[in-house]
Amino acid sequence: MNSIISQEPVNSVSGIGPRAVSALKRLGITTIWDLILHFPTGYQDRSQITPIAELSREGEYAVIRGTISRTAINGTGKNSIFNIFLSDSTGTLRISIFHFKPYQLQQITQEQEICVYGKISFFNGQPQMTNPEFFNSHENQHSFTPVYGLTHGIKMTAMRKYIDSALAMLNSDNLAELIPENLITEHSGYTLRQCFQKIHHPDISESLLKLAEFRSIFCKRIILEELTAHQLSLIKLREMNNRNNGLAISPIPKLMNKFVKSLPFKPTGAQLRVTDEIIHDLGQNIPMNRLVQGDVGAGKTLVAAMAALTVVGNGYQAAIMAPTEILAEQHAEKISKMFESLNIKTATLLGKYKAAQKKTQLKLIESGEAGIIIGTHAIFQDAVHYANLKLIVIDEQHRFGVDQRLKLRSKAEKDGITPHVLAMTATPIPRTLAQTMYADMKVSVLDELPPGRTPIKTFMLSTEHKNKLLPRIMENCQKHLQVYWVCCLVNESDTLEECQDTENARDYLQTNLPDLKIDIVHGQMKAAEKEAAMIKFKKGETDILVATSVIEVGVDVPNAFLIVIENAERYGLAQLHQLRGRVGRGKIESYCCLLCSDSISPAGIERMEVLKESSDGFYIAEKDLEIRGPGDLMGTRQTGEMIFKAANLFRDQDLLEQAATIASSIHSNYPEHETDLLKRWYPDGETASQA
Ligand code: ADP
Ligand code: MG
């Protein structure tokens, strides 16, 4: 076996065949390393059995043990439901199974004793469960049972098996201890391998809360290593920066003036100031490495365009990279229009292009005819040859990892010249974090919104009163305004639930607003389906778009007047602020409704108040750090923010400083460990980091 576990493909794990490989890929899992880093999103305590009569809270998860008193099939065909009535000495629970398989009918018989685990809901005061997990009542219960994030084609039991097989393959050769023991301050006393074992199969005696929040010593050990590797790659990037192999590009004020005059609006002071900072960097023979932080709607695209203009006006090319196809397409439309009057050509590479169309675009790029190239990371594939690329703009940089930054730089290097890099992000990172996160970059802040925006009115509403929104929605949709309805992924592990949550919300809205056109977008849909739904919404063909928060909502829909966020108390403030930025993109008065449960904590209310009062992304981000009451928030992955595999900057800031210290010590004293750590965490960035 390969000694670098992050290069060992998942199919070397027993039981993982081609179909599982492609399903795992959807979760970003391609190697054994990715697989063991697929941490549980929660744990089941199967040693705790709840008597049916004691079930009282809607939405709680519970283990029930009982005997099957009756079974029945209701409905016919695809929509039929298999109902099982499970009784213990205190009461009866109805279990409904949708999409059941014929073999299940045979397996589940009367008088049988079984255990189920699932989410409780109440119907006419009676407790019920939908599609729970079944298990044998005699199973070993010394450790918590892990619950994993899933995708289409992988069931929970299979995921548990894959991860267990992967864990069994770990040994001191393929999982060497790479952080010298003397550098770690809070020592767990466990090997790295044992830490992984404990994360996936914690003893019943461990704190479930700490585990669920990734705050156990086992998690911290692994997070510390990831942050250390991240710091090491920043050190590498900084070293590359100092090689003075950039190309100085002179400003061209005349062309810039002409361009600015052709715009339908006047740039803000902040846009001009930040552009000046960029133009100054471009004029040096050190490759620029600058990050522009600007709130949603601050007008980062124009800044990118002005930077690109300076480069193109000098006869070179600029590439603009967006994280998704939809955003790339949106950029292509806007940017090519901006440059039309100056006769500057753009080329766009989109996944959906047919071969011939792609070829035309590739030619434009290779010949140098296109000054500006727009697309997703596909614009850096091997087939793309630039005539003279001198500037790379990375939009929504937080969506790309540091390894991609490393890779990009080495790929784009040509004839010994490193192109200038301009990164842009709408995630305002508090200053303390920015210093560690973006230590290799200079930061510009776009701190002024274009004039004429009406601030978004934000209000809280108890989930129980959501009916009150309906007349407002109806009235405004009749005037062709639109609504986003965001469902919270309460339990990421249950993909079925993800569809169901969006479908339930859709059904609720459709039943109450039968005349409106309602569509859904969720993570389980194919990329093309998601995109089609987004495009329909953008074109105004849909009135309400029901979506989960993890999907791409980065498109500009100026007619969206309201965003409703279910279970708002479970999100981080920064993310709520981002979601809210989906509305208020036009001239219309816009609203953000935070639907909160009645059991919201005082810290939760305080967080919502921050949002009601402020629209300043930086202030909100600082507050987010301050009032993160534990227990309230969801896990990392749900928030879909940063690109770390295990770490989360907001949650793990206490480890940042230690990681920086360890990294600099490893960099000066343990060169072999440095190489190995980078290989382990950034297997793709390897060539770049060795350059
Ligand atoms: P973001 O910073 O979120 O990427 P965009 O660049 O998409 O923001 O800009 C948001 C909207 O504001 C766009 O419709 C854009 O045309 C508009 N805009 C940008 N700059 C200005 C300005 N100086 N005055 C008025 N509108 C502007
Ligand atoms: Mg943008």
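**Strands, helices and buried residues**

Tutor: Phenylalanine 82 stands opposite isoleucine 97 in strand 4. The model is predicted.

Student: What makes strand 3 and strand 4 count as paired?

Tutor: Pairing needs at least two bridges. Strand 3 and strand 4 (residues 92-98) have seven, in the antiparallel sense.

Student: What happens where strand 3 meets strand 2?

Tutor: Strand 2 (residues 61-74) and strand 3 also pair over seven bridges, antiparallel. Within that pairing, isoleucine 73 has phenylalanine 82 as its bridge partner.

Student: Why is strand 3 called mostly covered?

Tutor: Count its residues. Strand 3 spans residues 81-87, and six of the seven are buried. Each buried residue falls under 20% relative accessible area.

Student: How do you know whether cysteine 219 is buried or exposed?

Tutor: Its relative accessible area is 1%. The cut-off for buried is under 20%, so cysteine 219 qualifies as buried. Cysteine 487, at 2%, is buried too.

Student: What makes threonine 228 count as buried or exposed?

Tutor: Threonine 228 has 0% relative accessibility. That is under 20%, so threonine 228 is buried. It lies in helix 7 (residues 217-241).

Student: Which residues does threonine 228 touch?

Tutor: Leaving out residues up to four places away in sequence, threonine 228 touches Ile179, Ala659, Ile662, Ala663, Ile666 and Leu677.

Student: How do you know the relative direction of helix 18 and helix 20?

Tutor: Helix 18 (residues 573-580) and helix 20 (residues 617-626) pack at an angle of about 150 degrees, with axes 8 Å apart. Angles over 145 degrees count as roughly antiparallel, so helix 18 is roughly antiparallel to helix 20.

Student: Which residues make that contact?

Tutor: Helix 18 brings Leu573, Ala574, His577 and Arg580. Helix 20 brings Gly617, Ile620, Lys623 and Asp624. These divide into three nonpolar, two polar and three charged.

Student: In what order do the six strands of the open sheet run?

Tutor: The order is 16-21-20-17-19-18, and the pairing is parallel.

Student: What makes strand 16 and strand 18 edge strands?

Tutor: Strand 16 (457-462) and strand 18 (518-521) each pair on one side only. From one strand to the next, the twist averages 20 degrees.

Student: How many bridges join strand 17 to strand 20?

Tutor: Five bridges join strand 17 (residues 482-487) and strand 20 (residues 560-565), which run parallel. Pairing needs at least two, so these strands pair. Tryptophan 485 has valine 564 of strand 20 as its bridge partner.

Student: Where does helix 15 pack?

Tutor: Helix 15 (residues 469-478) packs on the sheet. It touches strand 16, strand 17, strand 19 (544-548), strand 20 and strand 21 (591-596). Its direction makes about 155 degrees with that of strand 20.

Student: Which strands does helix 17 lie across?

Tutor: Helix 17 (residues 527-538) lies across strand 17, strand 18 and strand 19. Against strand 18, helix 17 runs at about 140 degrees.

Conventions. Residues numbered from 1 in each chain as written. Chains lettered and ligands numbered in written order. Predicted model: local features only at pLDDT ≥ 70, side-chain atom pairs only at ≥ 80, totals over all residues. Heavy atoms only, no water. Buried < 20%, exposed > 50% of the residue type's maximum accessible area, 1.4 Å probe, protein only. Helix = DSSP H or I, 4+ residues; strand = E, 2+ residues; numbered from the N terminus. Axes fitted to C-alpha atoms, helices over the stretch in contact; angles between N-to-C directions. Parallel < 35°, antiparallel > 145°, perpendicular 65-115°, else oblique. Contact = heavy atoms within 4.5 Å. Nonpolar A, V, L, I, M, F, W, Y, C, P; charged D, E, K, R; others polar.
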